[in-house]
Amino acid sequence: MHNELLAQLITGGNYISVWKLAAFVGFFCFWAWVGQWMNKDTMVVKTRRTFWNSIYLISGVLVLALGLLLPAPVIVGLGLFLVTWAMATVIYILHRNARVPKNETILTPTHIKWLLSVEDRQRKKHKARLEFISVNDNVLPTPYRDEPEYSGFLSAEELLHDMWKRRVSHAVIIPFGENYQLRYVIDGIASVAGERTHEDATDSIEYLKAVAGLDVQDHRRPQEGSFFTVRTGESDTGWRINTSGSRRGEQLSLEKIEEKKAFTIDGLGLHHDQLEAIQKVIKQEKGIVLVTGMKGSGVSTTVYALVRKHDAFIRNIHTFESEYLMELDNVTQNLTDKGPNAKSTVRQLQSVLHSDPDVILVGFCDSPEMAQIGTKTARMGKKLYFCLPASNCFQALGEWLKLVGDNEKVAESLAAIINQKLVRVLCLECREAYTPDATMLKKLNLPADKIKQFYRPPPEIEYDKRGKPILCENCHGTGYFGRTAVFETMVISDASRKLIAEGATTNVIGTQCRKERMLYLQEQALRKVIDGTTSIQEVLRITQQTPRKVVKRRE
Ligand SMILES: [Zn+2]
């Protein structure tokens, strides 16, 4: 076939045919060069390589052959070839541009400007979307395209940018088969976020280790450090980095250093009737308030908000905490001493109490003695807030009774128990209203005639013409944006106090509380489904979690 084409091109034997031949060879070389770039690029942008190669080949070879074999002048054949080739190439570029981050798109006005700018092209500098700040506060320069750390920077930058965009609080890259797996935690939910090639993963791990000042050469020993990232015009974000090696490779964990926000109690998510009851409890001069929840359920945010409600100028307020979480104005914050010669936590708590505070926040309770000292202090007219791990108010009460070991003293001093869990808040941009099923409502003990609609995340993902999922720009397809707390509150009434003193079981005390219209956590959470804050699926997820071990005791 080639001979025929060549024969057609050189027939006539005059000098124009030589030009035609040269043009043909020139076009062919350019066509082959673009084809080779496209082949490589399909692998870089992870798209269907065979599919695009075939399209390119057909648009080139077949159309050229067809054009030349048609009974039309050669120039028409070449023209047809050029138009088809250009179309195939443009379609591919549009496809690949849609798959890559903005700064890696090609033939866009910005890219063309970059190509035409001699200075930029010579230095080949990448337009970074964020900057890395080492733990020593040095802003690291963005590497040039020909520098060895460039690929590591690029992978790390893409990772951290994606994590920022999707509000990731914790990411892990772990060896997975031949490649690496990327896992994210968003709004407290862990999920697989995709795969990374071995090269890409190790490049980014190496780069981030260098940023955090870790030993880049050591791939086995567990190492930890921290670094910061900053985007133009925004405050920086701190990341705690952990790496460790195994036989299958090195793994990386990045945890966001969360800044604790100071909440006021009306911003916590308490329902207005709960808020009213809790405000009364805060006003009481003495007594113990147990603030309970499982790990990561926001208990410290709540207890800080409760303590902040006391006037720190008039009252002498102290805290006793194992971890410093937030600064409180005019409050004496005491941290546990963990040194080799540290006194027991009981002795440490006793020395905090020696300075005679009016209000005391005790961030944890690791022994019956601590609970007993707390109870004694409350009976002497002080106000105490104790944090305890528990999955509901009754479990917390049972545990507290066991720790103190004296029902009468508990009855006399306990003012209230608060228990909480975090629910994800539905994304306002994409939540969908629907009519809930009547049987489900009945099961949940909700009036089917009164509830017209619930909200939920979009049940199905939509795809664009190119097969790319269309995700909500606000929540990036999770359907939720942020979290709020749901509370179960139990204010000890005179009737319950009497039952506690008599040694009644938590079941009997529970019946009394229900008589006093106390709602369980699930019922409180359903109020947030009814007002559209969250979904029924989310409430079932948090209320059906299996309770874990209740109180950690020291050996
Ligand atoms: Zn959304």
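Which domains does the domain assignment of the chain give? The assignment gives domain 1 (2-100), domain 2 (125-256) and domain 3 (265-543); such bounds come from an automatic or database domain assignment. The centres of domain 1 and domain 2, taken over C-alpha atoms, are separated by 42 Å.

This is a predicted model, in which local features need pLDDT of at least 70, side-chain atom pairs count only at pLDDT 80 or more, and totals for chains, interfaces and linings use all residues. Residues are numbered from 1 along each chain as its sequence is written, and side-chain values use heavy atoms, with hydrogens and water left out.

Helices (H or I, at least four residues) and strands (E, at least two) are DSSP runs, numbered from the N terminus. Two strands pair if DSSP finds at least two bridges between them.

| Strands | Sense | Bridges | A bridge pair |
|---|---|---|---|
| Strand 2 (residues 168-176) and strand 3 (residues 179-186) | antiparallel | eight | V168 and I186 |
| Strand 3 and strand 4 (residues 189-196) | antiparallel | seven | V185 and A190 |
| Strand 2 and strand 7 (residues 249-256) | antiparallel | four | A171 and L254 |

Buried means under 20% relative accessible area, exposed over 50%, and partly exposed in between (1.4 Å probe, protein chains only). Strand 2 is mostly covered, with seven of its nine residues buried.

## The zinc site

The zinc ion is coordinated at 2.3 Å by the SG atoms of C427, C430, C472 and C475. Donors are N, O and S atoms within 2.8 Å of the metal (3.2 Å for Na, K and Ca); water is not among the atoms, so sites may look incomplete. The angles among the four donor atoms are 103 to 115°, and the site is tetrahedral. Four donors count as tetrahedral if all angles lie between 85 and 135 degrees. Ideal angles at a metal are 109.5 degrees for four tetrahedral donors.

Along the chain, the donors of the zinc ion follow the spacing C-x2-C-x41-C-x2-C.

In helix 17 (residues 506-515), the buried residues are I509, G510, Q512 and C513. Seen down the helix axis, these buried residues fall within an arc of 160°, so they line one face of helix 17. The arc is that of the directions from the helix axis to the C-beta atoms. The exposed residues N507 and K515 are carried on the face turned away from the buried side of helix 17. The buried residues of helix 17 pack against helix 13 (393-404), strand 18 and helix 16 (494-502); contact means heavy atoms within 4.5 Å.

R517 lies in the loop between helix 17 and helix 18 (521-530). Its phi is near 70°, a positive value in a residue other than glycine. R517 is exposed, with a relative accessible area of 75%.

## Other residues

D356 lies in the loop between helix 11 (345-354) and strand 11 (359-362). D356 has a positive phi of about 55° although it is not a glycine, and it is partly exposed, with a relative accessible area of 46%.

R315 is placed in the loop between helix 10 (299-308) and strand 9 (317-321). Leaving aside neighbours within four places in sequence, R315 is in contact with E285, H310, D358 and V359. The C-alpha atoms of R315 and S151 are separated by 57 Å, and the two residues are 164 residues apart along the chain.

S413 belongs to helix 14 (residues 407-413). With 4% relative accessibility, S413 counts as buried. Leaving aside neighbours within four places in sequence, its contacts are G287, I288, T375, A378 and R379.

Methods. Four donors count as tetrahedral if all angles lie between 85 and 135 degrees; four count as square planar and six as octahedral if opposite donors are over 155 degrees apart and all others between 65 and 115; anything else is irregular.
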